[in-house]
Amino acid sequence: MKPALAFLLAAAAAVALPGCARHDNGPADVPAISPAAARAAAMAASKDPYAPLMAAVFGDDYLPAQGRAVEGIGADSFQKANATIYRAATSTRLPSGETVLVVTSIATDENGDESPSLADPGRLSIYLLRQQDGRWHVTRRHDEVAQLGRMGEAGELRWVMLSRNKPGLAVEHHWIGQGYVATRLSLFDPSREKITDLTGEGILIASDSSGACPEATHCWSGTAMWRFEPAAGAYDELVLTIKGEQDDVPDDAPAGTAAAGTRSLAGSARYVFERGSYRLRDGANTLPVI
């Protein structure tokens, strides 16, 4: 082979080989994403405003894309039906600097989905957290302090002041059955070492039987507006202002007796906190108990 021809062939091979190498190896390798980086990205993309708090409480059981935590779920239908789903409901900051996170939870069905029945209450849990060095840390856990409401819903939650500089959680929860409706008020102090319902089993603030009438023996509808008034004790006094009407049928009247008229349910009731719970001190709660 002539030297000039050998030189040209070697030069051509040198140019072609890099192209062949790129074709054989395919696209450049993509750097692997670590689990920690993937979770950080999911947390950043989450639409759950409580995502950082939920992740601190539930760890890897919290699913940021779904905005919920799932504990105890497995592959088969039995395990799926015995898991628990947690969702953040509300939060606030205490004078101590701690943040309170309120979480509701319900059990799952055989598919691992939320499918509560009418009788299933909403389960209420309360967690206290503090932020240090940019990270949230749980300082106290209060798992399932109460079971309230129906259909897996605990009720309407809102923050109130139980006394000066003492935020509290008020929950209005409902019972419904066969045309009857009752609403009770429960109160919780998240700063207590052991959190329980300060009202005991809830104070009746609404009662209605209109869905069962006219077949029901008695028909009524009443509601109570509630407020706190300053007191010297651990918590302010709770005052109810009640309005409504009930048909005027004597309790001992024969079934089917027509009402002679209506009577007012108007009244007021004052509750004070003593011996561990709110107790009626003045007036009367005139709302009919279902």
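Tutor: A contact means heavy atoms within 4.5 Å. With that in hand, take W226, which is in contact with R158, V160, A170, E172, L185, I205, L238, V239 and L240, leaving aside its neighbours within four places in sequence.

Student: What kind of model is this?

Tutor: This is a predicted model, in which local features need pLDDT of at least 70 and side-chain atom pairs count only at pLDDT 80 or more, while totals for chains, interfaces and linings use all residues. Residues are numbered from 1 along each chain as its sequence is written, and side-chain values use heavy atoms, with hydrogens and water left out.

Student: How many helices and strands are there in the protein?

Tutor: Helices (H or I, at least four residues) and strands (E, at least two) are DSSP runs, numbered from the N terminus. The protein has four helices and 15 strands. Of its contacts between residues at least 6 apart in sequence, 47% join residues at least 24 apart.

Student: What share of the residues is buried?

Tutor: Buried means under 20% relative accessible area, exposed over 50%, and partly exposed in between (1.4 Å probe, protein chains only). Of the 290 residues in the protein, 37% are buried. Helix α3 is mostly covered, with six of its eight residues buried. Those in α3 are A51, L53, M54, A55, V57 and F58. Just after α3, G59 has a positive phi of about 60°.

Student: Is P49 buried or exposed?

Tutor: P49 counts as exposed because its relative accessibility is 68%. P49 is in the loop between α2 (35-45) and α3.

Student: How many aromatic pairs does the count come to?

Tutor: A pair of aromatic rings is described by the distance of the centres and the angle of the planes. Here rings of Phe, Tyr and Trp (its six-membered ring) pair if their centres lie within 6.5 Å; planes under 30 degrees apart count as stacked, over 60 as edge-to-face, and the rest as tilted. The count comes to six aromatic pairs. The pair of F58 and Y127 is edge-to-face because the ring centres are 5.9 Å apart and the planes stand at 80°. This pair links distant parts of the chain, with F58 in helix α3 (residues 51-58) and Y127 in strand β5 (residues 122-132), 69 residues apart. Another edge-to-face pair is F273 and Y278, at 5.5 Å centre to centre and 70° between the planes. Y278 is buried, at 4% relative accessibility. Ring pairs also link F58, Y86 and Y127 into a cluster.

Student: Which residues touch the most other members of the largest nonpolar core?

Tutor: A nonpolar core is a set of buried Ala, Val, Leu, Ile, Met, Phe, Trp, Tyr and Cys residues joined through side-chain atoms within 4.5 Å. The largest has 21 residues, of which L187, W226, F228, L238, L240 and Y278 touch the most other members. Two or more residues of this core come from each of β7 (156-163), β9 (180-188), β10 (203-208), β11 (220-229), β12 (237-247) and β14 (267-274). A second, separate core has 15 residues, including A55, Y86, A88 and V103.

Student: Which order do the strands of the open sheet have?

Tutor: Strands of a sheet pair through backbone hydrogen bonds, either parallel or antiparallel. Two strands count as paired if DSSP finds at least two bridges between them. The open sheet of six strands has the order β1-β2-β3-β4-β5-β6, with antiparallel pairing. Its edge strands, β1 (62-63) and β6 (135-148), each pair on one side only. Two bridges join β1 to strand β2 (residues 68-71) in the antiparallel sense, and Y62 has A69 in β2 as its bridge partner.

Student: How many residues lie between β8 and β9 in their hairpin?

Tutor: The hairpin of β8 and β9 has two residues between the strands, and Q178 in the turn has a positive phi of about 55°. Strand β8 (residues 166-177) pairs with β9 over nine bridges in the antiparallel sense, with G177 opposite Y180 in β9. β9 also runs antiparallel to β10, joined by five bridges, and A182 stands opposite S207 in β10.

Student: Which residues does S125 touch?

Tutor: S125 lies in strand β5 and is buried, at 3% relative accessibility. Not counting residues up to four places away in sequence, S125 touches L101, V102, V103, H142, D143, E144 and V145. A polar atom of the S125 side chain lies 2.7 Å from the backbone nitrogen of E144.

Notes:
A polar contact is a pair of N or O atoms within 3.5 Å; within protein, one must be able to donate a hydrogen and the other to accept it, and residues adjacent in sequence count only if both atoms are side-chain atoms.
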